[in-house]
Amino acid sequence: LGKITHSSTKCTNCNCVGTIKMTVKHTLNIKKNIQDGEFIILRNESDEKFGYQTGDVYFKIREKLSEDGFTRKGNDLVYKLNITLTESILGKDISIPYFDDTIKINISQFGVINPNKQYIIKNRGLPIQNTEKKGNLFLEFTIIYPKLEKDEIKELTTILNKAFKYS
């Protein structure tokens, strides 16, 4: 049989309520390659109650949409950019922000740019979990076409036919 003991002093921690409100700060280490929807779990950091096991705190990762032209597909990145028709044919130097670096390329290395195609820069995506490898960076181009009058189209056709040999 149990024994009841009455104390003449009250608990100074909780004022005999049984709970204490407190704020605890934690630092979360978020891996570079964490995926949208993954959880970070802090074990035994939830509310405590006498006689019960302390629970866990779960943080669900939600990716913020990029404002700089990037989207993510797994470990790959997709970068969208606009170029003119002239740049799609002749090339252009472009700079792509890449974490603490910048990727500088001339798009003429891909030949004439097709707006319905993705162009790959290998190993410039996101780190692949538990490896030293990285995903790829895909470039998607939107071509801005000039607004031309009929006489300008005829003149341009003549110039291009002279410049390009089709036979």
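Reader: Which residues gather in a patch of negative charge on the surface?

Author: Some conventions come before the answer. This is a predicted model, in which local features need pLDDT of at least 70 and side-chain atom pairs count only at pLDDT 80 or more, while totals for chains, interfaces and linings use all residues. Residues are numbered from 1 along each chain as its sequence is written, and side-chain values use heavy atoms, with hydrogens and water left out.

Author: A patch is made of residues with over 30% relative accessible area and no salt bridge; like charges are joined within 9 Å, and nonpolar side chains (Val, Leu, Ile, Met, Phe, Trp, Tyr) within 5 Å. Asp and Glu count as negative, Lys and Arg as positive, and His and the chain ends are not counted. The place of a charge is NZ of Lys, CZ of Arg, CG of Asp or CD of Glu. Here the negative patch is formed by E149, D151, E152 and E155.

Reader: Where is E155 found, and is E155 buried or exposed?

Author: Buried means under 20% relative accessible area, exposed over 50%, and partly exposed in between (Shrake-Rupley areas, 1.4 Å probe, protein chains only). E155 belongs to helix 2, residues 150-163, and counts as exposed because its relative accessibility is 53%.

Reader: Which residues make the nonpolar surface patch?

Author: I89, L90, V112, L148, I153, L156, I159, L160 and F164 make a nonpolar patch of about 750 Å². Helix 1 (85-90) and helix 2 each supply at least two of its residues, and the largest share, four residues, comes from helix 2. I159 has its place in helix 2 and counts as partly exposed because its relative accessibility is 47%.

Reader: How many helices and strands are there in the protein chain?

Author: Helices (H or I, at least four residues) and strands (E, at least two) are DSSP runs, numbered from the N terminus. The protein chain has two helices and eight strands, in the order β-β-β-β-α-β-β-β-β-α along the sequence. Of its 167 residues, 20% count as buried.

Reader: How many bridges join strand 7 to strand 8?

Author: Two strands pair if DSSP finds at least two bridges between them. Strand 7 and strand 8 (residues 137-144) run antiparallel and are joined by four bridges; within strand 8, L139 is the bridge partner of Y119.

Reader: How many salt bridges does a search of the whole structure find?

Author: A salt bridge is a side-chain nitrogen of Lys or Arg within 4 Å of a carboxyl oxygen of Asp or Glu. The search finds four. One of them joins D36 and R62, with the closest N and O atoms 3.5 Å apart. D36 lies in the segment before strand 1 (39-42) and R62 in the loop between strand 2 (57-60) and strand 3 (70-73), so the pair ties together parts 26 residues apart in sequence. D36 is partly exposed, at 42%, and R62 is exposed, at 54%.

Reader: Which side chain meets R43 in a salt bridge?

Author: R43 meets D56, at 2.9 Å from N to O. Both lie in the loop between strand 1 and strand 2, so the pair ties together parts that are 13 residues apart in sequence. D56 is partly exposed, with a relative accessible area of 27%.
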